[in-house]
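This report looks at a few aromatic rings and their surroundings. Please have the sequence and the model open while reading.

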Amino acid sequence: MSRPAGWKAGTDLLVVGSGVAGLTAALEAASLGLRVLVVTKGAAGDGNTRWAQGGIALVAPPGGPDGSMIDTVDTVDTVDTMGRHVADTVTAGAGLCDEVAVRAILADGPAAVAALRRRGAVFDAGPDGSLARTREGGHSAFRVIHAGGDATGAEIERALLAASGPLPMLAGHAVLDVLLTGDGAAAGLLVLGPDGAVGRLRAPAVLLATGGLGQLYTVTTNPAGATGDGIALALRAGASASDLEFVQFHPTVLYAGADAKGRRPLVTEAVRGEGAVLVDGAGERIMAGVHPLADLAPRDVVAAAITARMTDRGEDHVYLDATGLAGFAARFPTV
């Protein structure tokens, strides 16, 4: 049913975006007694979160915050610690990380995963019942937990959507502007519905959780909705933004020809974590001798090495050799 032009609605908190950030914030706010409305320009669950494959890196003691079995030892019997995780992160950040922020975010990891599990997210388990773990680039230990083999984001999105069922959600509505009071405080949103009707949503607080801006590039692993709307809305409303130059390009995206555009399939880094290696057109290893972690070097190092090898050989793609991995289809059903 179409709304009349200029329709209005009000609530305590407006959350823009229906991925892991937006839905988590909405659920937490609702648990505190706030009236919350989630606004998303696509269908619920169509955002960035569901496309994430590899998993979540965290260090936690056995019998974590929710009483679950979370192991602390990787497959080469090297004890993992929070200090080691912090060191890996700072190293991968090439000295540009805010170490205070790194420590705070990593320390919050176990509780965040415990909350996801309480809300219904199911992660893969190992033979002993503890959370199964793999490695990804830049990690010196097997600390990445995952769901559905390589469908971690889809499982998180499923669980959060189910948990947020009672919350009102306005899907298919693009936000045009953050409404402001006379002194510049947030006062709501101006939105465009799928029927072309423009409406005003009033609230004393607005949270922008709109995902990334991958679609600004010719080829991306991001979904069609990742067009940087949230950053633009924030800047236009007078918010400060920082570090916008840090756009991460995933090293392994399925090649589909030089003319391919738009969203292309990601090949999760966990494939290399399980032992796959990058080779050029001649079958020569690309990462051997480039970095101590070889194919599991930080992503910027791997991407740069791939680019250099393609330039040297006059090629526009390389290969990811996973022929040595047993049970590939079961471990990576999405890929």
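Is Phe249 buried, partly exposed or exposed? Phe249 is partly exposed, with a relative accessible area of 45%; buried means under 20% relative accessible area, exposed over 50%, and partly exposed in between (1.4 Å probe, protein chains only). This is a predicted model, in which local features need pLDDT of at least 70, side-chain atom pairs count only at pLDDT 80 or more, and totals for chains, interfaces and linings use all residues. Residues are numbered from 1 along each chain as its sequence is written, and side-chain values use heavy atoms, with hydrogens and water left out.

A search of the whole structure finds two aromatic pairs. Rings of Phe, Tyr and Trp (its six-membered ring) pair if their centres lie within 6.5 Å; planes under 30 degrees apart count as stacked, over 60 as edge-to-face and the rest as tilted.

| Pair | Centre to centre | Angle between planes | Type |
|---|---|---|---|
| Tyr217 and Phe249 | 5.1 Å | 85° | edge-to-face |
| Phe328 and Phe332 | 5.1 Å | 45° | tilted |

Tyr217 lies in the loop between strand E11 (206-208) and strand E12 (219-220), and Phe249 in the loop between helix H5 (229-236) and strand E13 (262-263), so their pair ties together parts that are 32 residues apart in sequence. Helices (H or I, at least four residues) and strands (E, at least two) are DSSP runs, numbered from the N terminus. Tyr217 is partly exposed at 36% relative accessibility. In the other pair, Phe328 is partly exposed at 25%, whereas Phe332 is buried at 2%.
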